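Let's go through this one together, feature by feature. Have the sequence and the model open as we talk.

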Amino acid sequence: MSKKNSEYLINRKDNQYEVIIGLEVHAQVLSESKLFSTSATKFGAEPNTQVSLVDAAFPGMLPVINEFCVKQAIKTGIGLNAKINKRSVFDRKNYFYADLPQGYQISQFKNPIVGEGKVILDMPDGQKEVGIERLHLEQDAGKSIHDLDPQNTFVDLNRSGVALMEIVSKPDLRSPDEVSTYIKKLRSIMRYLGTCDGNMQEGSLRADVNVSVRAKGSKEFGTRCEIKNVNSIKFMQMAIEYEANRQVDLIEEGKSIDQETRLFDTKKNETRSMRSKEDAHDYRYFPDPDLLPLEVSDEFIKDLKNNIPELPDDKKKRFIDEFKLSPYEATILVSDIDTAKYFEEVVAKMGKNKDMKLAVNWITGELFAVLNNKNIEISQSPVSAKNLAILVNLIKNGTISGKIAKTVFELMLDGDKDPQKIVEEKGLKQQSDPKAIEALIDKIINDNREKAIEYKSGKGKLFGFFVGQAMKASGGKANPQLINEILKKKLQ
Amino acid sequence: MSDITKQSLTELVENIKNKKLSSTDVTKAFIERSEKSKELNAYITEDFTSALDKAKRFDQKPNLDLKMPGIPMAVKDLFCTKDVKTTAGSKILNNFVPTYESTVTENIWKEGAILLGKLNCDEFAMGSSNETSFFGNVQNPIDKDLVPGGSSGGSASAVAGQLTPITIGTDTGGSIRQPASFTGTVGLKPTYGSCSRYGIVAFASSLDQAGPMAQNVKDCALLYEIISTYDSKDSTSIDFKRNQYSKELTNNIKGKKIGIPKEYRVDGMPKEIEDLWQKGIQYIKDCGAETIDISLPHTSYALPTYYIVAPAEASSNLARYDGVKYGFRAKGENLIDMYEKTRSEGFGTEVQRRIMIGTYVLSSGYYDAYYLKAQKVRKLIKNDFDEAYKKVDAILTPSTPSSAFKIGEKTDDPVSMYLNDIFTVPVNLAGLPGISIPAGHDSKGYPLGLQVIGKAFDEQNILNIAFAMEEKINFKNKITDWWIK
């Protein structure tokens with residue numbers, strides 16, 4: 001497919017429009033405690049049970065930076081091939097809201113901890129680079145709950161003060177599919193690093209989506225709208241599609257687009273104006289005087305760099321070089337860290353005489369199908385990597401046929417049984433003794449003389465009949481290749 | 001002993017250690033005098049019953065190795081005290097009882113001291129006369145209807161009036177030194193980062209420091225050595241080598257070089273202030289130290305800089321008082337309405353004025369012209385001091401441009417009120433230590449103070465200079481007990 005064909009364009013009578021998308025992803029830092037307090041961050045706890053005096057902004061309480069969260073942010077920056085800023089500054093973003101106890105959010109405005117970087121997307125028509133503008137650390141707010149009482153709003157401060165990384169992309173994305181791939185790639189990198197669990201259902205990963213459109217070929221950016229707080233990839237794609245079309249319609253009608261913040265209504269599948277540029281908050285950012293500028297040494301960064309695990313891009317390259325996988329196969333296997341781990345364990349357990357192709361096919365075929373059906377992650381796979389490796393080896397060394405292997409695999413699902421034992425107990429071992437197969441075939445030809453004569457006189461279709469009979473007679477265990485060879489000889 | 005309350009902290013500690021006095025004796029005496037001194041309005045919250053209980057318990061099993069064994073003491077109501085109401089002088093915290101203790105007060109109780117109560121102050125420490133307190137004016141023991149200064153006005157009044165042997169205040173732009181000067185007492189504003197800000201209701205985070213207020217320099221040194229500790233709960237706390245300040249106190253300042261900054265000779269400064277300063281210079285010389293004329297060229301920008309930086313930080317620090325979580329809440333139609341009513345009714349006019357100034361200078365479009373520029377000037381002011389300290393060991397100035405004024409005299413003129421802090425504010429902006437000691441009286445018989453400014457973390461040096469001068473000055477505070485019937 002040429003690049004041109006895959007271009008995402010919005011078509012109107014005489015005009016074609018390109019869509020420009022930039023993302024501000026909010027990724028919750030994987031950390032036991034909050035960014036500036038020691039409260040726990042466990043998801044799903046009883047409301048207001050993980051709240052310290054600092055989180056609730058009691059008088060005289062002061063923030064103290066959690067070093068672990070700083071390390072997590074720097075590691076993520078390294079994973080995004082980004083510049084790590086040795087000096088960064090925490091600012092206060094001031095606004096009033098019931099779930100913002102301090103009356104300000106501690107964030108990083110002018111001097112973020114991580115600067116420019118990039119991520120590589122594997123698109124169907126090749127690779128695409130997306131620029132990262134910055135990554136900064138900030139506090140999450142609490143949660144306002146409006147639907148528990150007709151009169152009152154309830155506030156849960158468990159999330160108040162939890163560390164977030166805001167990852168801002170350059171406006172380099174051009175289609176809903178690229179957005180999907182980008183989010184998945186970010187999530188993959190952070191899961192490899194252990195810096196964010198990427199769980200979108202639990203709100204660990206959400207994004208503000210900036211969308212603008214322009215006539216195809218134009219170099220100028222159009223006026224953008226920001227769609228706030230979208231929490232699933234599907235909704236992001238739907239929101240972009242709706243929003244881009246809305247903007248194109250306005251242009252086609254000769255109207256102008258207002259720069260504004262919009263909300264995506266998931267029920268009606270449309271974006272709605274939340275506030276215009278004129279109503280935008282004046283956040284009165286200024287450096288938080290309770291915190292000194294954050295300074296990290298070269299050693300500190302080097303230490304973290306030295307302990308960065310192999311990341312998806314490098315792993316993919318290694319899988320291609322070392323295991324001779326196709327780029328497509330490698331991409332599938334590295335996209336999720338647990339899949340990659342599983343695959344590598346299978347490879348290790350297969351030992352010397354391994355069939356890589358076969359292993360990949362079993363993982364991406366049979367195993368993925370089972371996981372999909374059961375709707376579980378590979379980390380919860382009912383078949384361990386070790387036993388899958390044994391199964392693949394049994395096929396490879398001719399102990400069982402591929403067909404029998406599927407039967408064995410079904411049996412393995414119940415309690416991760418050893419395939420070797422299943423084969424032995426059920427007597428499923430492949431019959432590969434040429435003499436025994438010859439005897440079997442002799443008997444079949446003898447019992448079906450007329451058919452043999454018909455075959456020899458030119459009714460070639462009957463070959464299949466003989467194969468079937470031979471398989472049946474062996475209880476499916478005879479080596480199909482041997483059957484073919486011997487039958488051909490005998491029926492000549 | 002009828003004169004218990006006249007004794008200094010050092011004397012009381014000695015008498016308790018010698019078992020000449022019990023904690024109960026001392027605590028009773030200060031409670032009795034405090035009871036008789038309601039007209040001063042120095043207390044917001046009295047904790048006398050509990051104090052007496054603690055004193056009795058102390059006497060049952062006295063630990064005389066402590067630095068303040070069984071010594072009762074009241075503290076400014078800006079320090080959060082566990083289970084004791086803490087208001088910051090504001091209606092908005094009128095019902096607030098902390099479940100935690102500030103690090104500074106914690107340090108004090110650990111040395112055996114006992115809380116007497118919480119002392120009046122300007123609302124959120126914003127004021128120079130204690131007139132912005134929701135809990136009313138404080139009287140200066142020096143004379144009726146005289147302000148005690150502010151914002152630590154209740155603290156100054158309580159020490160000068162002998163309602164407490166010693167106390168702590170906080171100083172953001174002069175709030176310890178100016179009231180000390182107005183009441184004839186000693187007040188130390190330590191180096192920024194010396195005393196933990198944990199548990200102190202914040203006014204302007206980059207300027208706030210807690211410090212001792214005492215009857216004499218030695219007491220001041222003792223309390224400073226107790227409250228100055230490194231605290232990991234305050235990110236701006238600094239881990240430096242701290243002295244045994246009271247033990248190492250000496251009046252030997254021979255050979256020290258003391259700078260006299262010409263820019264502190266401001267227009268319209270009363271002659272008696274100039275005369276006091278000259279007297280101070282003479283005392284310095286009498287002690288065998290040397291005075292050197294220096295220049296701090298950006299001094300005149302200090303006050304405007306301060307009145308941008310401090311309100312900016314305050315506007316953000318006070319955002320948490322919104323009626324949602326604790327403190328006063330007014331009824332509202334909706335969230336915004338509740339915010340507006342709570343904050344309009346809960347904050348007094350001076351606090352509201354500063355919140356508005358702070359909000360304005362941080363607004364987009366004004367930030368660069370005000371806040372950012374102020375930060376740059378602040379750096380220049382600090383550089384002035386750094387430059388001066390290449391030549392001198394400390395700096396001597398008047399503490400205030402005038403003596404205490406009458407209640408109501410300046411309430412309608414905020415700018416003239418702000419001018420009170422003209423000599424103290426630069427010290428906060430530069431994060432330096434400064435001490436005010438009583439050095440004389442004006443024509444009305446009101447006390448006047450001199451300020452010694454030191455290098456960062458050089459508290460020992462300015463305490464020594466103050467100690468040496470104190471001996472030469474031999475100041476006697478004129479307390480007539482006019483308020484006791």
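**Reading the model**

A: Start in chain B: strands β2(B) and β3 (residues 114-119) run parallel and are paired through four bridges. Within that pairing, B:Lys76 has B:Leu119 in β3(B) as its bridge partner. Strands pair when DSSP finds at least two bridges between them. Strands (E, at least two residues) and helices (H or I, at least four) are DSSP runs, numbered from the N terminus.

Q: What kind of model is this, and how are residues, chains and ligands labelled?
A: This is a predicted model, where local features need pLDDT of at least 70, side-chain atom pairs count only at pLDDT 80 or more, and totals for chains, interfaces and linings use all residues. Residues are numbered from 1 along each chain as its sequence is written, while chains are lettered from A and ligands numbered from 1 in the order in which they are written.

Q: What is the mean pLDDT of chain B?
A: pLDDT is the predictor's confidence in each residue, from 0 to 100. Where pLDDT is low, the predicted coordinates should not be read in detail. Chain B has a mean of 97, with 100% of its residues at 70 or more. The model's scores are ipTM 0.97 and pTM 0.92.

Q: In what order do the strands of the three-stranded open sheet in chain B come?
A: The order is β1-β3-β2, with mixed pairing. β1 (43-46) and β2 (72-76) of chain B are the edge strands, each pairing on one side only. From one strand to the next, the twist averages 35°. Helix α2 (residues 23-36) of chain B packs on this sheet and touches β1, β2 and β3 of chain B, with its direction at about 15° to that of β3(B). For such angles, axes are lines fitted to C-alpha atoms (for helices over the stretch in contact), and the angles run from 0 to 180 degrees between N-to-C directions.

Q: Which strands pair with β5(B)?
A: β5(B) is joined to β6 (residues 209-214) of chain B by two bridges, antiparallel, and B:Val186 sits opposite B:Ala214 there. β5(B) also pairs with β10 (residues 434-441) of chain B, antiparallel over three bridges, where B:Leu188 is opposite B:Ile435.

Q: Is B:Ile16 buried or exposed?
A: Count C-beta atoms, placed from the backbone, within 10 Å of the residue's own: 20 or more others make it buried, 12 or fewer exposed, and anything in between partly exposed. B:Ile16 is buried because 24 other C-beta atoms lie within 10 Å. This residue belongs to helix α1 (residues 9-17) of chain B. Contact means C-beta atoms, placed from the backbone, within 7 Å. Leaving aside neighbours within four places in sequence, B:Ile16 is in contact with B:Leu21, B:Ser23, B:Val26, B:Pro69 and B:Gly70.

Q: How many residues of helix α7 of chain B are buried?
A: In α7 (residues 217-227) of chain B, 11 of 11 residues are buried, including B:Lys218, B:Asp219 and B:Glu225.

Q: How many residues does each chain give to the contact between chains A and B?
A: Chain B gives 33 residues and chain A gives 24. On the chain B side, α9(B) provides the largest share, three residues. That side has 15 nonpolar, 11 polar and seven charged residues. Here Ala, Val, Leu, Ile, Met, Phe, Trp, Tyr, Cys and Pro count as nonpolar, Asp, Glu, Lys and Arg as charged, and the others, Gly among them, as polar.

Terms used. Contact = placed C-beta atoms within 7 Å.
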